[in-house]
Amino acid sequence: VQLQASGGGLVQAGGSLRLSCAASGRTFYVMGWFRQAPGKEREFVGTISRGGASTYYADSVKGRFTISRDNAKNTVYLQMNSLKPEDTAVYYCAAGRTSSSVTKYDYDYWGQGTQVTVSS
C-alpha cells in the first residue's frame, strides 16, 4: 500500500484546510491521521473505519476536524476547521487493521506527510 498525503499549507487561525490521502495497492484498511510538531511525538488525530461509518477523534480536535473517505476513489480526507496555531504540524495519513486504534504502532503503512502551518 502506498499513501500520498496532500493539501497542507499556510492558513490563518480560524481558517480551514482539507487534507487528502490517496492510496494505491490494496486499500481496504482502517485509516488514520496523525500529526507531529517539531520536537514532539507523533500524536493521534483521528481514524475512520473501513466502510466509513465509524470515526474517532482526539479530544484536541473533536468538533473541529472531520475524517471521511471515498473508497471508490481510494481517498481519505481530513477536513480541518477553526484551526489554531497549536494545530501546526506535519500531518500523516496511515493505514492499519485495528478499528478505532489511537496508537501509531497499529498502523502498518504511512504517507510522507504534509505540512500544516497556522498563523496567529
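**Exercise 1. Salt bridges across the chain**

Task: How many salt bridges does a search of the whole structure find?

Solution. 

Step 1. The whole structure holds 6 salt bridges. The model is a predicted one.

Step 2. Take K104 and E41. Their side chains meet in a salt bridge, with N to O at 3.6 Å. That falls within the 4 Å cut-off.

Step 3. Check the exposure of each partner. K104 has 24% relative accessibility and therefore counts as partly exposed. E41 reaches 62% and counts as exposed.

Step 4. Take R97 and D108. Their closest N and O atoms are 2.6 Å apart, and the pair is a salt bridge. R97 is partly exposed, at 49% relative accessible area. D108 is partly exposed as well, at 41%.

**Exercise 2. A further bridge and a network**

Task: Which residue meets K62 in a salt bridge? Which residues are linked in a network of salt bridges?

Solution. 

Step 1. The partner of K62 is D59, with an N to O distance of 3.1 Å.

Step 2. Compare each accessible area with the class limits. K62 has 46%, so it is partly exposed. D59 has 67%, so it is exposed.

Step 3. Now the network. Salt bridges link R35, E43, R64 and D87.

**Exercise 3. Aromatic pairs and an arginine**

Task: How many aromatic pairs are there? What is the geometry of the pair Y92 and W110?

Solution. 

Step 1. The count is 7 aromatic pairs.

Step 2. One of them joins Y92 and W110. The centres are 6.5 Å apart, and the planes make an angle of 75 degrees. An angle over 60 degrees counts as edge-to-face. The pair is therefore edge-to-face.

Step 3. Locate the rings. Y92 belongs to strand β9 (residues 89–96), and W110 to strand β10 (residues 107–110).

Step 4. Y92 has 14% relative accessibility, so it counts as buried. W110 has 28%, so it counts as partly exposed. The limit between these two classes is 20%.

Step 5. Widen the view. Y92 and W110 belong to a cluster that ring pairs build with F34, F44, Y56 and Y107.

**Exercise 4. The disulfide**

Task: Which cysteines does the disulfide join? Is the link right-handed or left-handed? Are C21 and C93 buried or exposed?

Solution. 

Step 1. The count is 1 disulfide. C21 and C93 are the partners, with S to S at 2.1 Å.

Step 2. Read the angle about the S-S bond. It is 65 degrees, and the link of C21 and C93 is right-handed.

Step 3. C21 sits in strand β3 (residues 17–24) and C93 in strand β9. They are 72 residues apart, so the bond links distant parts of the chain.

Step 4. Both C21 and C93 are buried.

**Exercise 5. Positive phi**

Task: Where are N74 and S100 found in the chain? What is the phi of each?

Solution. 

Step 1. Recall the rule. Most residues other than glycine have a negative phi.

Step 2. N74 is not a glycine, yet its phi is positive, about 55 degrees. N74 is in the loop between β7 (65–70) and β8 (75–80). Its relative accessible area is 30%, so N74 is partly exposed.

Step 3. S100 is not a glycine either, and has a positive phi of about 60 degrees. S100 lies in the loop between β9 and β10. With a relative accessible area of 40%, S100 is partly exposed.

Conventions. Residues numbered from 1 in each chain as written. Predicted model: local features only at pLDDT ≥ 70, side-chain atom pairs only at ≥ 80, totals over all residues. Heavy atoms only, no water. Phe/Tyr/Trp six-rings, centres within 6.5 Å; stacked < 30°, edge-to-face > 60°. Helix = DSSP H or I, 4+ residues; strand = E, 2+ residues; numbered from the N terminus. Buried < 20%, exposed > 50% of the residue type's maximum accessible area, 1.4 Å probe, protein only. Disulfide = S-S within 2.5 Å.
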